[in-house]
Amino acid sequence: MAATEPVAEPILPGDEGPPTPWTQAGERLAAARTYWLATTGPGGRPHIRPLIGIVVDGILQVSSSPGSRKSRNLEHNASCAVTASCEGFDMVVEGTAARVDDASLLRRAADAFQTKYGWPLSVRDGAFHAEYGAPTAGDPPYHLYALTPVTAFGFPTSGSFTPTRWRFAAGRP
């Protein structure tokens with residue numbers, strides 16, 4: 001998921017085995033089917049919702065209706081976390097999200113959503129449009145948000161990975 005390999009280290013002193021390389025973690029994160037986005041509301045309350053996501057150019061991206069609470073929260077405070085259960089471990093990625101409105105990037109993301117989920121999207125006016133969305137998504141348009149990771153954590157669900165923290169240089173992938 002990252003163009004530059006982040007620093008990988010065991011989460012706790014004494015964790016056995018080498019840290020998991022980001023290349024392995026990033027591949028598994030990209031393959032996850034459902035993600036959970038955690039944002040903070042204007043009053044400081046947490047807000048967590050499931051959603052679908054893709055990785056394009058090594059960047060985790062999620063889509064949301066502009067009127068949804070999660071989109072409004074991100075417009076107010078870009079800090080967020082995305083979690084996913086991946087093959088072999090659960091992941092938490094902390095960082096910031098920025099809205100993507102570049103038509104070329106949106107078209108590539110639309111292609112990725114079509115390939116991964118079979119969700120046919122068109123791009124118009126800096127947003128996605130579709131004949132249908134998730135039952136709770138509301139009507140189009142849908143905004144795309146790209147996550148810039150600062151720190152990520154991998155917690156093994158099997159004995160094949162070491163609990164790992166990845167630190168991204170200056171919050172950039």
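Predicted model: local features only at pLDDT ≥ 70, side-chain atom pairs only at ≥ 80, totals over all residues.
Let me start with the secondary structure, which comes to three helices and eleven strands, and which, if you follow the chain along its sequence, runs in the pattern β-α-β-β-β-β-α-β-β-α-β-β-β-β. As for overall dimensions, the C-alpha trace spans about 50 × 40 × 30 Å along its principal axes, and the radius of gyration is 16 Å, which agrees with the value near 16 Å that a compact globule of 173 residues would have. Of those 173 residues, 45% are buried, and among the contacts between residues at least 6 apart in sequence, 61% join residues at least 24 apart.

Now to the aromatic rings, where the structure holds eight pairs. One of them joins W22 and F168, whose ring centres are 5.1 Å apart and whose planes stand at 90°, so this pair is edge-to-face. Because W22 lies in helix α1, residues 22-31, while F168 lies in the segment after β11, the pair ties together parts that are 146 residues apart in sequence. Are these two residues buried or exposed? W22 is buried, with a relative accessible area of 1%, and F168 is buried as well, at 6%.

Finally, I would point you to one aromatic cluster, which is formed by F113, Y117, W119, F128 and Y142.

Key. Residues numbered from 1 in each chain as written. Heavy atoms only, no water. Helix = DSSP H or I, 4+ residues; strand = E, 2+ residues; numbered from the N terminus. Rg over C-alpha atoms; globule rule 2.2 N^0.38 Å. Buried < 20%, exposed > 50% of the residue type's maximum accessible area, 1.4 Å probe, protein only. Contact = heavy atoms within 4.5 Å. Phe/Tyr/Trp six-rings, centres within 6.5 Å; stacked < 30°, edge-to-face > 60°.
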